[in-house]
Amino acid sequence: PLQQLALLVQQDPLPLGFASQFQDQEISLLAHKLEQSMLRLQQFAERERQFNRDASHELRTPLAVIQSSCELLLLNPPQDADAARRLQQIASACSQMHLLIQSLLLMAREADAAAGSPVNLAATLQQLWQQQQQWQPRPELTLQLQLPETLTLMASPELLQLLLSNLLQNIWRHSAAGTVCISAGDSWLLLENPRTTNPGAASALSG
């Protein structure tokens with residue numbers, strides 16, 4: 001019975017009510033305790049996903065208001081240097097918050113997000129670049145794509161956008177004025193950004 005229980009708990013997912021098939025008193029007690037522990041873990045994980053989903057949706061509305069206000073103000077930035085710097089900080093914090101909310105929503109529906117579908121890489125990068133330019137305008141930073149326009153990847157669109165958004169945010173923080181070049185191979189993506197004046201900053205990102 002103990003070997004049977006050991007083999008059973010390796011299944012994913014565990015069958016419901018598996019403890020009832022064990023008649024031996026000691027093994028039955030162990031199986032029931034294990035079943036109760038697994039049930040509590042599943043309930044905890046479900047509550048956490050529900051909280052992430054609800055909290056993320058609630059945060060989206062005020063964040064959208066702040067983002068749209070920042071975008072309007074950035075169209076005509078204040079003359080005062082300190083006020084302009086603070087506005088840029090708010091815009092940067094908004095974009096980081098947006099990625100955080102995306103991450104929470106992704107965790108809340110991780111089963112659905114795992115499914116892959118064809119994603120056009122060039123179109124996705126262009127869309128995310130324009131989005132980043134809206135959030136934190138850097139007209140002195142331009143994008144050059146050295147990859148086929150028809151290149152597609154089989155991936156979760158949500159996961160891929162989240163990964164690329166984080167890479168572009170790093171480029172925004174660690175680039176001088178110039179051209180960001182993105183190229184791709186069979187199993188790699190290379191992002192080269194202009195070197196900053198900060199000697200500790202990276203000049204290229206790859207993965």
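Analyst: Let's start with E4 and strand E5 (residues 189-192), which pair in the antiparallel sense over 4 bridges. Here, two strands pair if DSSP finds at least two bridges between them. Strands are DSSP runs of E with at least two residues, helices are runs of H or I with at least four, and both are numbered from the N terminus. Before going on, please note that this is a predicted model, where local features need pLDDT of at least 70, side-chain atom pairs count only at pLDDT 80 or more, and totals for chains, interfaces and linings use all residues. Residues are numbered from 1 along each chain as its sequence is written, and side-chain values use heavy atoms, with hydrogens and water left out.

The link from E4 to E5 is a hairpin of 4 residues.

E4 (residues 178-184) has another partner to look at, strand E2 (residues 141-146), and these two run in the parallel sense with 6 bridges. To find this pairing in the structure, look for Gln144, whose bridge partner in E4 is Cys181. So you can trace E4 in two ways, since two strands pair if DSSP finds at least two bridges between them: with E2 in the parallel sense, and with E5 in the antiparallel sense.

For contrast, glance at a helix: Met97 is found in helix H3 (residues 81-108).
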